[in-house]
Amino acid sequence: MRFNHVANRLAREHFDTVVEMLATCLSFVPLRRTERAIWLRQPGSNIDLQFSRSDTTGRDADKLRSQVSFLSDTPEHDLVVLQGWLEARGIAAQVGAYSDREFYLDAPAAFVDFVIEAMTPDLAEYGVEV
């Protein structure tokens with residue numbers, strides 16, 4: 001088997017707005033779309049991100065441990081920009097920190113089972129050849 005994609009859930013009422021944010025702010029390109037899901041890819045990446053529409057109203061209290069993660073030289077700043085984008089469209093969002101090099105963005109009304117994480121590139125230097 002070969003790794004293909006990761007799937008997460010978005011609240012139905014904010015699905016299109018979050019997809020628009022990923023396309024507008026992070027250059028994601030839609031690959032395939034059905035009535036209940038979309039597959040996206042960021043240029044230069046070889047892993048896809050799938051989002052499914054969800055009617056779930058309760059949120060997992062431990063969802064901070066489930067992330068869609070990005071590398072950035074300015075992780076906190078980049079997430080604050082996304083926070084502003086969401087808030088300008090009526091979706092409350094907040095930026096928090098795991099450490100001084102790892103930050104997360106949560107939009108509780110939109111992100112059902114994950115947060116968006118941004119971390120400095122040195123945290124992804126594992127020293128492993130693949």
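Begin by selecting the hairpin of S3 and S4: six residues lie between the two strands, and among the residues of this hairpin Gly 44 takes a positive phi near 90°. The model on screen is a predicted one.

S3 covers residues 37-41 and runs antiparallel to S4, with four bridges joining the pair. To locate one of these pairings, display Trp 39, whose bridge partner in S4 is Gln 50.

Then turn to S1, residues 5-11. Seven bridges join S1 to S4, and these two strands run parallel. Ala 11 may be selected here, as this residue stands opposite Ser 54 in S4.

Remain on S4 and show its side chains. Seven of its seven residues are buried. Asp 48, Gln 50, Ser 52 and Ser 54 point one way from the strand, whereas Leu 49, Phe 51 and Arg 53 point the other way.

Which residues does Arg 53 touch, apart from those up to four places away in sequence? Selecting its surroundings shows Leu 10, Arg 12, Phe 15, Asp 16, Arg 33, Glu 35 and Arg 36. Arg 53 belongs to S4, which spans residues 48-54. A polar atom of the Arg 53 side chain lies 2.9 Å from the backbone oxygen of Glu 35.

From Phe 51, proceed to the largest nonpolar core, which has 28 residues. Phe 51 is among the residues with the most contacts inside this core, together with Met 21, Leu 22, Leu 86, Leu 105, Phe 111 and Ile 116. The elements giving two or more residues to the core are H1 (15-26), S3, S4, S5 (67-71), H2 (75-88), S7 (102-106) and S8 (115-119). H1 gives the most, with six residues.

Centre the view on Ile 116. Leaving aside neighbours within four places in sequence, Ile 116 is in contact with Met 21, Val 68, Phe 70, Leu 79, Phe 103, Tyr 104, Leu 105 and Phe 111.

Now select S5, S8, S7 and S6, which form an open sheet of mixed pairing in that order. S5 and S6 (94-97) stand at the edges with a single partner strand each, so one side of each is left without a neighbour in the sheet. The twist averages 25° from one strand to the next.

Within this sheet, S7 and S8 run antiparallel and are joined by four bridges; Glu 102 stands opposite Met 119 in S8.

Terms used: Residues numbered from 1 in each chain as written. Predicted model: local features only at pLDDT ≥ 70, side-chain atom pairs only at ≥ 80, totals over all residues. Heavy atoms only, no water. Polar contact = N/O pair within 3.5 Å; in protein donor to acceptor, adjacent residues only side chain to side chain. Contact = heavy atoms within 4.5 Å. Buried < 20%, exposed > 50% of the residue type's maximum accessible area, 1.4 Å probe, protein only. Pairing = 2+ DSSP bridges. Core = buried A, V, L, I, M, F, W, Y, C linked by side-chain atoms within 4.5 Å. Axes fitted to C-alpha atoms, helices over the stretch in contact; angles between N-to-C directions.
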